[in-house]
Amino acid sequence: MKRFIAIIAVVFGVTFMANADERPIEVQQLPKTAQVFITNNFAGVPVMYATVDRELLDTDYEVRLEDGTKIAFNGSGAWSEISNKRTGIPAKVIPAKLVDYVSKHYKDVRFLSIDKDARDYEIKLSNGIELTFTLDGRLIGFDD
């Protein structure tokens, strides 16, 4: 019985991996929402590459800019993660309530990354602090 379960798990894993299709694309092949986001928030920063990752149930996009910024987009073109560990990411891409909280409690820090999912935002700051906020901007977690 254990052998049967192991075989089924291996077959499922191989099948699932075979359905993944990550490949390079042109910026013009990104969803319009993603193209507009890049143009509005990273004007003048050239795109090094863009990829699409088509999986069984969803599609994700990743864009890498020449300044080191990495942006992940979901299938509809909404950003889900932005990071730049070298120079930080612009505050204008961070929701205003989060920027207000950080500027009030931490001086001279940069935003290194922000992750957004269906429940919350997680941000990493240049001083090593990680903060978690609800989607409406309430602080709910802190890690240093």
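Q: Which residue in β2 is the bridge partner of Glu22?
A: In this predicted model, Glu22 has Asp53 of β2 as its bridge partner.

Q: What makes β1 and β2 count as paired strands?
A: Two strands pair if at least two bridges are found between them. Strand β1 (residues 21-25) and strand β2 (residues 47-54) are joined by five bridges, so they meet that cut-off. Their pairing is antiparallel.

Q: Why is Gln28 called exposed?
A: Exposed means over 50% relative accessible area. Gln28 has 61%, so this residue is exposed. You can find Gln28 in the loop between β1 and α2 (32-41). Its C-alpha atom is 9.7 Å from that of Ala50, a residue 22 positions away along the chain.

Q: Why is Asp143 called partly exposed?
A: Buried means under 20% and exposed means over 50%, with partly exposed in between. Asp143 has a relative accessibility of 43%, so it belongs in that middle class. Look for Asp143 in strand β9 (residues 139-143).

Q: What makes the patch that includes Asp143 negative?
A: Asp and Glu count as negative. The patch is formed by Glu122, Glu130, Asp143 and Asp144, so it is a negative surface patch.

Conventions. Residues numbered from 1 in each chain as written. Predicted model: local features only at pLDDT ≥ 70, side-chain atom pairs only at ≥ 80, totals over all residues. Heavy atoms only, no water. Patch = residues over 30% accessible without salt bridge, like charges linked within 9 Å, V, L, I, M, F, W, Y side chains within 5 Å. Areas by Shrake-Rupley, 256 points an atom, 1.4 Å probe, with all protein chains shown as cover. Salt bridge = Lys/Arg side-chain N within 4 Å of Asp/Glu carboxyl O. Charge placed at Lys NZ, Arg CZ, Asp CG, Glu CD. Helix = DSSP H or I, 4+ residues; strand = E, 2+ residues; numbered from the N terminus. Buried < 20%, exposed > 50% of the residue type's maximum accessible area, 1.4 Å probe, protein only.
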